Amino acid sequence: MRYRGELRALPRRRTGGATEPDKYMLEHAEKRPRELGRTDIELRRAAAEEMAFEDGSFDTVVSCLVFCHVGDDAPKALGHIQRLLKPGGTFRFMEHVRNDESGFGRNFQDFVNPVWKRLLGAGCNCNRRTQQAIEDAGFGIDWVKRQKTFPPTSPVIYGVARTG
Ligand SMILES: C[S@@+](CC[C@H](N)C(=O)[O-])C[C@H]1O[C@@H](n2cnc3c(N)ncnc32)[C@H](O)[C@@H]1O
């Protein structure tokens, strides 16, 4: 199911761009526009903190389970997203985040994260405060929903943020 949701979220009759830094995952992602019959989506090999599209190129930017991998470069990546969006553009996200509702859940995430990141999550951090990072980057949150899933990647946040 990888990349299906993000690419489906792009409205038809609008051109779109997507980035993925990993060669294997990029090859995998390239199948999705074909499956969806989309010839108007440009895929580039780049990290979120290195996106080289023009300023104000997009009405909407979508991230799905990406900021757990971006890690400490989240402010830089979010700065790029601000730059890429047209005024009033929206950033739509689905990310698993730090469990700030539960001391046990949070401590468990911190405990397992070094192993999770190296062995199981392939660079994924299970304890990132991504909503906080989005707000700190100057986005206004239109709405956000938190949903419990399975530890250690619980909760997941779904939301829409707007450029300031
Ligand atoms: C859990 S997968 C999610 C893939 C896809 N977004 C999806 O929902 O199917 C995380 C992806 O983030 C990519 N990634 C790792 N570091 C990244 C970075 N700095 N910027 C953007 N993507 C990154 C990984 O290569 C991997 O493909």
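This is a predicted model: local features need pLDDT of at least 70, side-chain atom pairs count only at pLDDT 80 or more; totals for chains, interfaces and linings use all residues.
**Overall layout**
- The protein has six helices and six strands; these are DSSP runs numbered from the N terminus, with helices (H or I) of at least four residues and strands (E) of at least two.
- Its radius of gyration, taken over C-alpha atoms, is 16 Å, close to the 15 Å that the globule rule gives for 164 residues, so the protein is as compact as a globular protein of that length. That rule is 2.2 Å times the number of residues to the power 0.38.
- Starting at the N terminus, the elements go α-β-α-β-β-α-α-β-α-α-β-β.
- The domain assignment, which is automatic or from a database, gives domain 1 (1-46) and domain 2 (61-162).
- Between the C-alpha centres of domain 1 and domain 2 there are 21 Å.

**Helix H4 and what's buried**
- In H4 (residues 74-84), the buried residues are Ala-74, Ala-77, Leu-78, His-80, Ile-81 and Leu-84. They sit on the same side of H4 because they cover an arc of only 150° around the axis, going by the directions from the helix axis to the C-beta atoms.
- "Buried" here means 20 or more other C-beta atoms within 10 Å of a residue's own, "exposed" means 12 or fewer, and "partly exposed" is in between, with C-beta atoms placed from the backbone.
- Of the 164 residues of the protein, 29% count as buried.

**The nonpolar core**
- A nonpolar core is a set of buried Ala, Val, Leu, Ile, Met, Phe, Trp, Tyr and Cys residues joined through C-beta atoms within 7 Å.
- The largest one has 22 residues, and Val-61, Ile-81 and Phe-91 have the most contacts inside it. H4 gives the largest share of this core, five residues.
- Neighbours within four places in sequence aside, Phe-91 is in contact (C-beta atoms, placed from the backbone, within 7 Å) with Val-61, Ile-81, Leu-85, Phe-139 and Ala-161.

**Strand pairing**
- E4 pairs with strand E6 (residues 156-162) in the antiparallel sense over seven bridges; pairing takes at least two bridges found by DSSP.
- Opposite Phe-93 stands Gly-159 in E6.
- Strand E5 (residues 140-147) also runs antiparallel to E6, joined by seven bridges, and Ile-141 has Ala-161 in E6 as its bridge partner.

Terms used
Residues are numbered from 1 along each chain as its sequence is written. Two residues are in contact if their C-beta atoms, placed from the backbone, lie within 7 Å.
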